[in-house]
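Colleague: Hi! I'm new to this one. Could you walk me through it?
Modeller: Happy to. Let's get it on the screen.

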Amino acid sequence: MVEVNDLHKEYTKGKTKISAVNGISLTVNKGEFVSIVGKSGSGKSTLLNLLAGLDTATSGEIKFNGTDICKFSRKEMAYHRRKTIGIVFQSFNLIATRTALENIMLALAFGGIKRSERKAKAIQLLEKVGLGNRYDHKPSELSGGEAQRVAIARALANDPHFILADEPTGNLDTNTTNDILTLLQNLRKEEGRTIIMITHDLETAQTVSDKIFTVSDGKLINKN
Ligand code: ADP
Ligand code: MG
């Protein structure tokens, strides 16, 4: 479970301070599918990056199963990110010069999986996301939906309990969006993972989530 308490993130730009996250508290229970919605610039990505340990908070707490990751050293944070969290981005963030299989094998290497086991495990992950026949393709040779499936397979490489997704369907058409949402939902339903997804589209959030948090100007404006 994730417990966020009075979280703040301030950016300084020249002489102005921007409170991108301005006192957010929320709870995500184990196995929930939670969406964070809000307009562009409302602070969604900042919040998700803090949860993912990709950025450090100005103040506040982010407890994963009771442990405050804001107090982690760089080394502890790197370990936490590798073992606990899988991240999916709007623009897939795959390595362009590597095939689908290689992208996943790299993540497995990073997670400390033995060299001899990486290929079989990567193929297994690609099959899980429905891409068993595309593993020799580079990102430019995949459709957006396929590339996002590879990115999801990569996020699963180290078997994380939490999947954090920043607008994972933002670059996809309606049909592909539905496929990706179904895939994410299955990770929750069939494997019990906890999903935290950002979207600017309330309708998307409503079709898949157990709980929706609405962010505006760095604050939560609902709690349902
Ligand atoms: P969203 O994902 O909801 O579009 P963001 O979290 O990206 O919003 O941004 C929230 C606010 O913080 C915006 O005003 C944005 O300009 C600002 N911001 C985000 N990242 C930075 C940064 N690295 N430096 C300065 N300001 C930033
Ligand atoms: Mg964003």
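Colleague: Before we look around, what has to hold for a charge to sit over a ring?
Modeller: NZ of Lys or CZ of Arg must be within 6 Å of the ring centre and within 35 degrees of the ring normal. Keep in mind that this is a predicted model.

Colleague: Okay, and which ring does the charged end of R82 sit over?
Modeller: That would be the ring of F110, with the charged end of R82 5.7 Å from its centre.

Colleague: How many aromatic pairs are there?
Modeller: The count is 1 aromatic pair. The ring centres of F64 and F162 are 4.9 Å apart and their planes stand at 90°, so this pair is edge-to-face.

Colleague: Where do F64 and F162 lie?
Modeller: F64 belongs to strand β4 (residues 59-64) and F162 to strand β7 (residues 162-166), so the pair ties together parts 98 residues apart in sequence.

Colleague: Are those two buried or exposed?
Modeller: Both F64 and F162 are buried. Across the chain, 47% of the 224 residues count as buried.

Colleague: Switching topic: how many helices and strands does the chain have?
Modeller: There are 7 helices and 10 strands. The chain's radius of gyration is 17 Å, close to the 17 Å that the globule rule gives for 224 residues, so the chain is as compact as a globular protein of that length.

Colleague: And what about contacts along the sequence?
Modeller: Taking contacts between residues at least 6 apart in sequence, 70% join residues at least 24 apart.

Colleague: Last one: what does the accessible surface come to?
Modeller: About 11,100 Å² for the chain, and 46% of that belongs to carbon and sulfur atoms.

Technical notes
Residues are numbered from 1 along each chain as its sequence is written. Chains are lettered from A and ligands numbered from 1 in the order in which they are written. This is a predicted model: local features need pLDDT of at least 70, side-chain atom pairs count only at pLDDT 80 or more; totals for chains, interfaces and linings use all residues. Side-chain values use heavy atoms; hydrogens and water are left out. Rings of Phe, Tyr and Trp (its six-membered ring) pair if their centres lie within 6.5 Å; planes under 30 degrees apart count as stacked, over 60 as edge-to-face and the rest as tilted. Helices (H or I, at least four residues) and strands (E, at least two) are DSSP runs, numbered from the N terminus. Buried means under 20% relative accessible area, exposed over 50%, partly exposed in between (1.4 Å probe, protein chains only). The radius of gyration is taken over C-alpha atoms; the globule rule is 2.2 Å times the number of residues to the power 0.38. Contact means heavy atoms within 4.5 Å. Accessible areas come from the Shrake-Rupley method with a 1.4 Å probe; for residues, only the protein chains shown count as cover.
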